[in-house]
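This briefing goes with the sequence and the 3D structure shown below. Please keep both in view while reading the points that follow.

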Amino acid sequence: MDAPSHWAGTEPVRILEPDGTTVGDPDVGLDAEQLRELLRHMIRARRLDRECMALQRQGELTVYPPFEGQEAAQVGSAFALGTEDWAFPTFRELAAALVRGVDPVQYLWYHRGTWHGGPYDPRATRFGPICVPVATQICHAVGVAMGLQRDGADACALAYFGDGSASEGDFHEGANLAAVFGVPAILFCQNNGWAISVPTGLQTAGEIWKRAGGLGFPGVRVDGNDVLAVYRVTREAVERACSGDGPTLIEALTYRMGPHTTADDASRYRDEDEVERWRAFDPIDRYRTWLVAAGHADDGFVRICDEEAAAWVAEVRAGITATEPPPAEWMFDWTFAEPPAVLARQREEALGG
Amino acid sequence: MAEWTLSAALNRALIDAMEDDPRLLVYGEDVGRLGGVFRVTDGLQAKFGEDRVFDTPIAEAGIVGAAIGLALTGWKSVVEMQFDGFSYPAFEQIVSHVAKYRTRTRGRVDLPIVIRIPSFGGIRGKEHHGESPETYYAHTAGLKVVAPSGALDGYRLLRLAIADPDPVVFLEPKAKYWTKEEGELTADGPGIGEGRVVRDGDSCAVFAYGAMVARCLEAADMLEAEGVSVRVVDLRSLAPLDVELIGRSARETGRAVVVHEAPKTLGMGGEVAARIMEEAFDFLQAPVARVTGWDVPYPPAALEHRYLPSMDRIAAAVRRVISY
């Protein structure tokens, strides 16, 4: 099978082949229950992603950015984090958010247009606000890592970003700060081949993971559709970070199966053939095949996962469709800790005091 | 009584605040070993250590972005943008995140971040060293913006800014760094959001901030010799603006002049004039006048004096308003 062009160059770390056979040691330090949990997370995430596409079409969500195809990259990396570790997402990390325990209905307030980036509690969940200005969240993760370093905490901060974000100045500034200060940060790039309509080849003439070398810290390229490999490299990065050995850059090669968002028409810039070829690299099929073949799960488990995911998604749907618009006070309530007089007057004017 | 330059008073404010709060950090370009290009952070690294006072790579967006992450982990930051003209790489972090994080997180996250920016002109600086960026920040909801006019109020405003749970853009008038003022340093007095009358008068109110306050006071002295009594108001807090004081001063004097270094179009003068319209229209004896920089890029040193509001231009505007 030909991998797409953005996978060209250095062979990524891989444990599972696309057909579910192994090319590396599948013992990544997880027990059978945890291995099954990875599959359960991926199945739930995909179900919810597809439901969100439907909810958008039905007018229940505003623009929605699907992540189908990236489940292994997100679930594998988020699963490698400890409870005290932080993650900072872009706008496409719903699967990672679910692994971190973020309430899906609260998360989807964002896509329902109920509230902006951080409808959930970023401190309680250790999951940063949904971040649209790409790469800016990398600097926030590095700042958290600076704080953790000063507190002597046994924890790290991981920033998700994409191949497009890697072209931004904030990527370089954040990565360089992390390197110079040797902070416990992980820069996790999901190279999904496309930044809206622009292919990775127009974002960079090199390989993203290699930039770490120039910045003075390790980089690694991993098959982002292989959840075991993603888990392993992220876990190693977490251990490096928490041992005081500084940051790691991970480039996870994956593929965005869907459009950039529901407002995007991907047929204007890529062939359906390409997308179809990618079905063979599907992260869930690959992992399920291996998990069953290795005897860690049986078909019954997979069926229960599917059924549970369907029921759970129905609950999320009910929760999100029942979400009413917020009161207008919300516009004013958190601009400042205490509203200045001028703003208090506007609030009165807007709300009919 | 002690004499303080603005640079020394700000330095003292940082020392006092760092002594009060062990989770306060100071960082930026050249703030550590060098003590800042204007020496505002002089001696801090030796006193508080490299963990709390540190040099960063030249990365303004990274510096401000990191301050957000540090806030999430309970650390307060005073960051320095070395010069006004070098603060722009951080603009996205300031506008998209620093200003909005509290709202985006539904009030769950305080952002006790002070962004110090040596600002404005008057020091014969090279290009990009004489900018007046206040409107960008004052126009951004979620930011507080202050600009002291001298040492004593500089100390007070910096202590208040550091104590504030909201982010404060702190614009330091470079032209006043070495000007001495006599008095005791204290954080007591007018807060953020309050202006102050620095000279009372009843025939015209002149509103200014930063280095222009001293120039307005000089103009007021000159006008007094002509029998004109000018009230000078130091706005000091550009966001929030002290609309009550602006309205009252305009009503009590019936005439108003606004002075700033920034270009006229969409400068603070436009906002102050509009507030005067809303608060004092029936009391006005003359249209509000603005004495400002021109709508041009900040000029080179040889032409600086032709750009900045001069005492003569300020006095002429007051005379025009009075004889209207």
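Strands E6(A) and E7(A) pair in the parallel sense over five bridges; two strands pair if DSSP finds at least two bridges between them. Helices (H or I, at least four residues) and strands (E, at least two) are DSSP runs, numbered from the N terminus. This is a predicted model, in which local features need pLDDT of at least 70 and side-chain atom pairs count only at pLDDT 80 or more, while totals for chains, interfaces and linings use all residues. Residues are numbered from 1 along each chain as its sequence is written, and chains are lettered from A and ligands numbered from 1 in the order in which they are written.

**The sheet of chain A**

- Five strands of chain A form an open sheet with parallel pairing, in the order E1-E2-E3-E7-E6.
- Strand E1 (86–88) and strand E6 (219–223) of chain A stand at the edges with a single partner strand each, so one side of each has no neighbour in the sheet.
- Neighbouring strands of this sheet are turned by 20° against each other on average, direction ignored.
- Within the pairing of E6(A) with E7(A), A:Val220 has A:Ile250 in E7(A) as its bridge partner.
- Strands of a sheet pair through backbone hydrogen bonds, either parallel or antiparallel.

**Helices of chain A**

- Helix H6(A) lies across E1, E2 and E3 of chain A and runs at about 170° to E2(A). Axes here are lines fitted to C-alpha atoms, for helices over the stretch in contact, and angles run from 0 to 180 degrees between N-to-C directions.
- Helix H10 (residues 227–242) of chain A lies across E3, E6 and E7 of chain A, at about 170° to E7(A).
- Helix H7(A) has 13 residues and reaches 18 Å from its first C-alpha to its last, close to the 18 Å expected at 1.5 Å a residue; the expected span is 1.5 Å times one less than the number of residues.
- Ten of the 13 residues of H7(A) are buried, so the helix is largely enclosed by the rest of the structure. A residue is buried if 20 or more other C-beta atoms lie within 10 Å of its own, exposed if 12 or fewer, and partly exposed in between, with C-beta atoms placed from the backbone.
- Among the buried residues of H7(A) are A:Phe171, A:His172 and A:Leu177.
- The buried residues of H7(A) pack against H6, strand E2 (157–162), strand E3 (185–191), helix H9 (211–215) and strand E7 (248–253) of chain A, together with helix H3 (60–72) of chain B.
- Just after H7(A), A:Gly182 takes a positive phi of about 60°.

**Where the chains touch**

- Two residues are in contact if their C-beta atoms, placed from the backbone, lie within 7 Å.

- Seven strands of chain B form an open sheet with mixed pairing, in the order E3-E2-E4-E5-E7-E6-E12.
- The edge strands, which pair on one side only, are strand E3 (53–55) and strand E12 (237–239) of chain B.
- Strand E2 (residues 24–28) of chain B runs parallel to strand E4 (residues 76–80) of chain B, and five bridges join them.
- B:Val26 has B:Val78 as its bridge partner in E4(B), and B:Leu25 stands opposite B:Ser77.
- E2(B) also pairs with E3(B) in the parallel sense over three bridges, where B:Asp55 is the bridge partner of B:Gly28.
- Five of the five residues of E2(B) are buried, so the strand is largely enclosed by the rest of the structure.

**Domains**

- Chain B is divided into domain 1 (3–182) and domain 2 (196–322); domain bounds come from an automatic or database domain assignment.
- The centres of these two domains of chain B, taken over C-alpha atoms, are 26 Å apart.
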